[in-house]
Amino acid sequence: MCSRTSPSPNPNPSPSPNPNPNQEPLKLSFFLAPHPSDDLPALAAGSNKLSAPKVLRMHKVAAYVANRLPNVDDPAALEQRLELLCNDKLLPMGMSLASVRAFVWKNGAEDVLVHYRRVSESLTS
């Protein structure tokens with residue numbers, strides 16, 4: 001007689017928690033600071049060094065800065081008037097943190113430094 005065996009509930013063994021130990025981390029650390037050419041205040045201690053997913057876009061960073069700056073009546077309006085820079089290069093708001101590190105920062109071992117400032121009046125008119 002032929003006996004039937006039931007299929008095992010999970011035919012594939014579970015993957016290990018870290019299948020590729022050489023894989024790059026999914027998060028990057030970075031610092032936020034006011035640009036020397038602007039009089040915006042620095043963020044409160046503890047709010048200026050962040051760790052975020054590599055896919056984070058600069059418009060989210062600008063929103064974070066606008067919401068964390070002291071004495072801001074309308075963070076949404078300020079967010080629209082902020083620009084972010086790295087190595088004194090203007091960052092597009094759609095650029096990811098990973099792209100900033102790879103193409104603008106280019107200083108592999110150190111955390112990325114992103115400056116924020118108000119959009120220049122001459123550029124907005």
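Biologist: In strand 2, what is the bridge partner of K27?

Modeller: K27 is bridged to P53 there. A caution on the source: this is a predicted model, where local features need pLDDT of at least 70 and side-chain atom pairs count only at pLDDT 80 or more, while totals for chains, interfaces and linings use all residues. Residues are numbered from 1 along each chain as its sequence is written, and side-chain values use heavy atoms, leaving out hydrogens and water.

Biologist: How do you know that strand 1 and strand 2 pair?

Modeller: Two strands pair if DSSP finds at least two bridges between them. Strand 1 (residues 27-34) and strand 2 (residues 49-53) have 5 bridges, in the antiparallel sense, so they count as paired. Strands here are DSSP runs of E, at least two residues, and helices are runs of H or I, at least four, numbered from the N terminus.

Biologist: What stands opposite F30 in strand 2, and what in strand 5?

Modeller: L50 in strand 2 and V112 in strand 5. Strand 1 and strand 5 (residues 112-118) run parallel, joined by 5 bridges.

Biologist: Which order do the strands of the sheet take?

Modeller: The order is 2-1-5-3-4, in an open sheet of 5 strands with mixed pairing. Strand 2 and strand 4 (89-90) each have a single partner strand, so one side of each lacks a neighbour in the sheet.

Biologist: Which residues in helix 3 are called buried?

Modeller: L97, V100, V104 and W105 of helix 3 (residues 97-105); buried means under 20% relative accessible area (1.4 Å probe, protein chains only).

Note on methods
Buried < 20%, exposed > 50% of the residue type's maximum accessible area, 1.4 Å probe, protein only.
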